[in-house]
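The sequence and the coordinates are shown first.

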Amino acid sequence: MNVVFATEYYHPWAPGGTAWSLELLARALTARGHEVTVVTPNYGGPAREEVNGVPVVRFPFWRRLRPGAGLAPLHDHVNPLFHLLFARALVSEARRAGAHVLHAQEKHALVGTFLAGRWLGKPVFLSLRDFGLICPITTCLLRHTHVPSDCGSAKLQRECVPDFFSWYIRAGALRKLRIRASLALLYLDARIKGALVRRVTGFTAVSRSLLDIYDRAGRIRVERGRVVYNLAPPPAAGGFDRSRALADFGLPAHPVVLYVGKCSPGKGFSVFVEAARIVAARMPETCFVAVGEGPPDWFPRGAEVRLLGSRPHAEVERLYALADVVVHPAVWPEPFSRVPLEAAAFAKPVTGTRIGGTPEAVEDKSTGLLVERSDPDALARAIEELLADPELRLALGRRAAEMVSAKFSGDRIVDDLLRAYGSIAVKKSSR
């Protein structure tokens, strides 16, 4: 199989988990003898190179970014010129490589990939990784488990945008007006791309939960899709020096409870802050750490939580190794976070919420603990249970490592992806 992946970001530009997941998938396919080429915008790197054995082609682009977690302005990726440049690069590279399949790995790569596939007469696949092809903000999912049936542009402006301002934005009237206009255009962009989703050869979703939400929202033909999970990282190497790591991060030699991710309402940061306050009152020797993009100045932080900000991935891995408990208190139905997979690579138990893709990665009372969303008291009790029982922590962490390495292994995920390609080909050929 010869596959061309199209993606908005690829290493060393990695603003989120997609870049890490995609690199692991490309490497796993290559290790199985398949040919993979990644096509992505050039934010300031070589036009063509190999990254860990995977050919990467970067097409000329006007935006320059520092390597790392930086994001291009959103209007760059909804620009018609961006789609045309992407399509031209994909046509050129697919012809050169003799590609069998073009696979858009993110929503903003869809238009260029669809155009290239139509031009070449090649199958086009899309990976669903978030809710952006339903709505640009989906604040409804902070309260509901599915998108309401009356979702539309009027409801967006009437109900969802005020919620978005309340939870995420503090701004004056003029800026709010600009944001409303931008969200209206992004909603229209999502609906246009949604029409293309119905016309692609097939698609994959990173969790059963995400597939179900798209299906119930009426945005997909579910028979064209399959669940293909993100790959787990390899198990962590031994030889970790805990004392040195604590000193390097300026942390006390106390039990560490770790939060990884953007400090936002959807990720459940405020729930974590409140749970930390509750636990600290009863177990004052506990150290609470948050690593990831920090909250805005007006957002509650909590004196108990140490904010480390965004850190390189290697430093985040050291924090996983330090942690006694990892928390993932998502309030919205997280499609499929990498946090449980990365924690399991270090045999650390996760306390997460019983919503979205998390229950597909964390088995309650077997590989971690699950609680209801937006419930800091329940989260605090789960944290305390794990902190008070080292044997339970070790047992859950060990089983998490075993489960993740089996369920989300490279071979299994590659097989799932190839079945997705093959099953759609069979369905189309039988018509």
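In what sense, parallel or antiparallel, do S9 and strand S12 (residues 325-328) pair, and over how many bridges? In this predicted model, the pairing of S9 with S12 is parallel and comprises 3 bridges, with Leu-258 placed opposite Val-326 of S12.

| Partner of S9 | Residues | Bridges | Sense |
|---|---|---|---|
| S12 | 325-328 | 3 bridges | parallel |

Together with helix H9 (residues 269-282), strands S9 and S10 form a β-α-β unit that is right-handed. S9 itself is mostly covered, given that 5 of its 5 residues are buried; Val-256, Leu-258 and Val-260 point one way from the strand, while Val-257 and Tyr-259 point the other way, and burial applies to all of them.

The helix considered here is H6 (residues 173-197), whose 25 residues reach 35 Å from the first C-alpha to the last, a span close to the 36 Å expected at 1.5 Å a residue. Its buried residues include Ile-179, Leu-183, Leu-186, Tyr-187 and Asp-189, and also Ala-190, Lys-193, Gly-194, Leu-196 and Val-197. The buried residues of H6 pack against several elements, namely helices H2 (74-77), H3 (80-97), H4 (110-120) and H5 (153-168), together with strand S6 (124-128).

Key: Residues are numbered from 1 along each chain as its sequence is written. This is a predicted model: local features need pLDDT of at least 70, side-chain atom pairs count only at pLDDT 80 or more; totals for chains, interfaces and linings use all residues. Side-chain values use heavy atoms; hydrogens and water are left out. Helices (H or I, at least four residues) and strands (E, at least two) are DSSP runs, numbered from the N terminus. The expected span of a helix is 1.5 Å times one less than its number of residues. Buried means under 20% relative accessible area, exposed over 50%, partly exposed in between (1.4 Å probe, protein chains only). Contact means heavy atoms within 4.5 Å. A crossover is right-handed if, with the strands pointing away from the viewer, the path from the first strand over the helix to the second runs clockwise. Two strands pair if DSSP finds at least two bridges between them.
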